[in-house]
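User: I would like to go through the terms used for this model and see what each one rests on.

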Amino acid sequence: MTRSTLEHVNFTVTDAPVTAQWLCEVFGWKIRWQGPALNNGLSIHVGTDDDYLAIYTPKTAGPVASRQKNVVGNLNHVGIVVDDLDAVEAKIKALGYEPHSHADYEPGRRFYFDDENGIEFEVVSYV
């Protein structure tokens, strides 16, 4: 059987440079690539050497999408594993985001937050 890994997820945001900056600051990632994209937009690839989030801003952005989890095709959340959940939560709060839905479960701990684009992130630690 062949092993497969997830390389990236691509989503639309209102301001790719702003989103890329806080992703790098909070998660210790780097900008892997950035440049022109579909419909005169801008894409920035933010992550590690192995995987990344592709952040895309079109020339003319539409409204923030609905976050209804019962709508087929909607993104429910982006899950990110970290070593120090408390340190990441402090960074999230310092940026003005509100962590919510904290939970301890086997085998780890987690919380969620919503960014300015209506994207929900789950931050989890298995340490």
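User: What is the bridge partner of Phe113 in β8?

Analyst: The partner of Phe113 in β8 is Phe121. The model is predicted, so local features need pLDDT of at least 70 and side-chain atom pairs count only at pLDDT 80 or more, while totals for chains, interfaces and linings use all residues. Residues are numbered from 1 along each chain as its sequence is written, and side-chain values use heavy atoms, with hydrogens and water left out.

User: What makes β7 and β8 a pair?

Analyst: Two strands pair if DSSP finds at least two bridges between them; strands (E, at least two residues) and helices (H or I, at least four) are DSSP runs, numbered from the N terminus. β7 and β8 have 6 bridges, in the antiparallel sense, so they meet the definition. They form a hairpin with 5 residues between them, and Gly118 in the turn has a positive phi of about 85°.

User: Why is Asn117 called buried?

Analyst: Buried means under 20% relative accessible area, with exposed over 50% and partly exposed in between (1.4 Å probe, protein chains only). Asn117 has 8% relative accessibility, so it counts as buried. Its place is in the loop between β7 (108-114) and β8 (120-125).

User: How do you know that the side chains of Asn117 and Thr19 make a polar contact?

Analyst: A polar contact is a pair of N or O atoms within 3.5 Å; within protein, one must be able to donate a hydrogen and the other to accept it, and residues adjacent in sequence count only if both atoms are side-chain atoms. The two side chains are joined at 3.4 Å, so the distance is within the cut-off. A polar atom of the Asn117 side chain also lies 2.9 Å from the backbone nitrogen of Thr14.

User: What makes the 26 residues a nonpolar core, and which have the most contacts inside it?

Analyst: A nonpolar core is a set of buried Ala, Val, Leu, Ile, Met, Phe, Trp, Tyr and Cys residues joined through side-chain atoms within 4.5 Å. The largest such set here has 26 residues, and Leu23, Phe27 and Phe121 have the most contacts inside it. The largest share, 7 residues, comes from α1. Leaving out residues up to four places away in sequence, Leu23 touches Phe121, among others; contact means heavy atoms within 4.5 Å.
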